[in-house]
Amino acid sequence: MTADSSPFVQDCCDPPVLYGWSRLQAQWVNAVKRAALRQLHASHAGERLLLRIYLIGEEATEIALQQELLTERPDWLVRQMDQHLTEERQHVRAFSAALEARGETIVAQRTAQPDWLSRRKIAQWHAIAHRYESSFKSRLLVPAFAIGLCAEQMATRVLERHIRLLQQISPSHPLLPLLVRVLSDEGRHVQMCSDALIRLVDPHEQETLQQMLAEIRAVDRSWSVTGALGLLLVGLLLRLLPDRS
């Protein structure tokens with residue numbers, strides 16, 4: 001890729017500015033998820049559920065996408081990807097330890113699986129990746145990093161929301177240092193995916209990348225309302241149930 005074409009790819013990689021209904025939907029989803037976080041933090045079971053969600057996200061979703069789609073990597077990517085996966089595994093151990101500290105002693109023995117909604121999202125992302133594979137000289141590498149970029153940006157939004165809420169309602173909460181550290185790593189992962197796309201995408205492939213990223217992000221938005229309402233409902237139920245911790 002030429003230096004002159006990299007700003008276009010960087011603009012594609014940056015989170016899009018939302019307008020109209022999409023902006024209102026994002027604001028509403030954010031408000032519902034903040035309410036869900038409040039409910040989940042009101043019970044020990046709810047807090048453990050939040051940690052399991054993070055654990056599964058780290059252990060199953062991102063790593064599975066990378067391992068299944070990235071069949072061949074150029075030399076310049078090997079070290080970056082290995083560092084990325086090392087940090088993801090460190091996150092898995094940290095969230096597992098936090099869960100075990102809260103009474104879940106079988107975390108290490110259990111194989112985490114994404115929930116039904118996440119599995120549907122991953123399946124749709126896989127379909128997009130294979131549909132666009134032949135559109136790029138680097139084949140599946142481009143869709144894989146595009147999906148990784150969007151997944152990391154989503155994780156960043158989730159963590160930022162959670163951190164802001166805890167800083168407001170419980171500034172000394174023991175989970176805050178862990179969430180802040182993971183957020184810092186995720187920020188580097190976003191930049192790594194963006195840098196990889198800048199190097200992998202040829203000038204004549206830019207519009208195709210833009211179209212593919214729009215489809216990947218549309219999948220994420222299509223499940224956002226369902227996910228927000230489901231999380232709020234679960235938080236309410238766990239708060240109302242007797243605490244068995």
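Start by selecting helix α4 (residues 75-101) together with helix α6 (residues 141-169): their axes come within 15 Å and cross at roughly 35°. The axes are lines fitted to C-alpha atoms, for helices over the stretch in contact, with angles running from 0 to 180 degrees between N-to-C directions. Helices here are DSSP runs of H or I with at least four residues, numbered from the N terminus. The α4/α6 crossing is left-handed, a term used if the near helix is turned anticlockwise from the far one by less than a right angle. Now show side chains: Leu77, Met81, His84 and Glu88 of α4 meet Leu141, Phe145 and Glu152 of α6, where contact is heavy atoms within 4.5 Å.

A word on the model before moving on. It is predicted, so local features need pLDDT of at least 70 and side-chain atom pairs count only at pLDDT 80 or more, while totals for chains, interfaces and linings use all residues. Residues are numbered from 1 along each chain as its sequence is written, and side-chain values use heavy atoms, leaving out hydrogens and water.

Next, pick Arg139, in the loop between α5 and α6. Its phi is near 55°, a positive value in a residue other than glycine. Arg139 is partly exposed, at 42% relative accessibility; that class lies between buried (under 20% relative accessible area) and exposed (over 50%), using a 1.4 Å probe and protein chains only.

Step back to helix α5, residues 116-132. Its 17 residues reach 25 Å from first C-alpha to last, close to the 24 Å expected at 1.5 Å a residue; the expected span is 1.5 Å times one less than the number of residues. Among the buried residues of α5 are Trp125, His126 and Tyr132.

Zoom in on Ser224, in helix α9. What does the side chain of Ser224 reach at 2.7 Å? The backbone oxygen of Arg221. Ser224 is buried, with a relative accessible area of 15%. Leaving aside neighbours within four places in sequence, Ser224 is in contact with Gln25, Val29 and Lys33.

Finish at Val234, also in α9 (residues 224-240). Val234 counts as partly exposed because its relative accessible area is 32%.

How values were computed. Helices (H or I, at least four residues) and strands (E, at least two) are DSSP runs, numbered from the N terminus. A polar contact is a pair of N or O atoms within 3.5 Å; within protein, one must be able to donate a hydrogen and the other to accept it, and residues adjacent in sequence count only if both atoms are side-chain atoms.
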